[in-house]
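Subject: Structure handover

Hello,

Please find the structure below. My notes on it follow.

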Amino acid sequence: MKPSNPGVLVGLVVVFALATWGLLQKTYSGLPTVPWTAIPTVLLLAIGEAYTGWLTRARILRKPDTKPVEPLAVARLAALAKATAYAGAVFGGVFAGFVLHVLNLLDLPKPRQDALIAGGSFVSCVALICAALFLEYCCRVPGKPEDED
């Protein structure tokens with residue numbers, strides 16, 4: 001498995017932001033407000049992935065007071081990290097599309113609330129992407145030390 005490409009993740013954010021913005025041009029008035037629950041949920045996922053990465057890295061490096069980690073568990077964590085990075089990019093793009101759409105409607109209460117919640121959700125998705133990339137990095141097998149001859 002190859003590491004996630006940050007360029008692809010940014011591309012997903014941009015594509016989904018533009019697609020959401022275009023879709024909202026005709027359907028925004030019929031939609032309910034953006035739910036605020038995405039912010040704490042995504043932040044908790046980001047914290048969990050970052051903590052899992054930190055623990056996994058310590059176990060891979062065989063730090064004192066840690067058990068060796070199963071190779072299959074590390075492969076599963078790497079797959080989880082890759083999937084989470086892509087999902088965070090997609091949802092981040094959707095929330096960015098909401099923010100882009102309501103920028104010129106900020107004088108109204110509903111769009112202002114949607115802008116704040118969607119902006120917070122976008123920041124949470126960026127944190128999730130960073131945590132997923134960190135977990136992916138932590139799942140790498142350390143290189144062999146080279147002789148200094």
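**Ser4 and its surroundings**

Not counting residues up to four places away in sequence, Ser4 touches Leu9, Lys82, Ala85, Tyr86, Leu133 and Glu136, where contact means heavy atoms within 4.5 Å. Ser4 lies in the segment before α1 (6-27); helices are DSSP runs of H or I with at least four residues, numbered from the N terminus. Ser4 counts as buried because its relative accessibility is 8%, the limit for buried being under 20% relative accessible area (1.4 Å probe, protein chains only).

This is a predicted model, in which local features need pLDDT of at least 70, side-chain atom pairs count only at pLDDT 80 or more, and totals for chains, interfaces and linings use all residues. Residues are numbered from 1 along each chain as its sequence is written, and side-chain values use heavy atoms, with hydrogens and water left out.

**Glu136**

Glu136 is part of helix α4 (residues 109-138). Leaving aside neighbours within four places in sequence, Glu136 is in contact with Pro3, Ser4, Ala81 and Lys82. Glu136 is buried but has no salt bridge (a side-chain nitrogen of Lys or Arg within 4 Å of a carboxyl oxygen of Asp or Glu). Lys82 is the nearest side chain of opposite charge, 4.9 Å away.

**Helices α2 and α3**

The axes of α2 (residues 38-60) and α3 (residues 71-102) come within 12 Å and cross at roughly 155 degrees; axes are lines fitted to C-alpha atoms over the stretch in contact, with angles from 0 to 180 degrees between N-to-C directions. α2 is therefore roughly antiparallel to α3, a term for angles over 145 degrees. The contact involves Ala38, Glu49, Thr52, Thr56 and Ile60 of α2, and Val74, Leu77, Leu80, Ala81, Thr84 and Phe95 of α3.

Regards

Conventions
Helix = DSSP H or I, 4+ residues; strand = E, 2+ residues; numbered from the N terminus. Buried < 20%, exposed > 50% of the residue type's maximum accessible area, 1.4 Å probe, protein only. Lys, Arg positive; Asp, Glu negative; His and termini not counted. Parallel < 35°, antiparallel > 145°, perpendicular 65-115°, else oblique.
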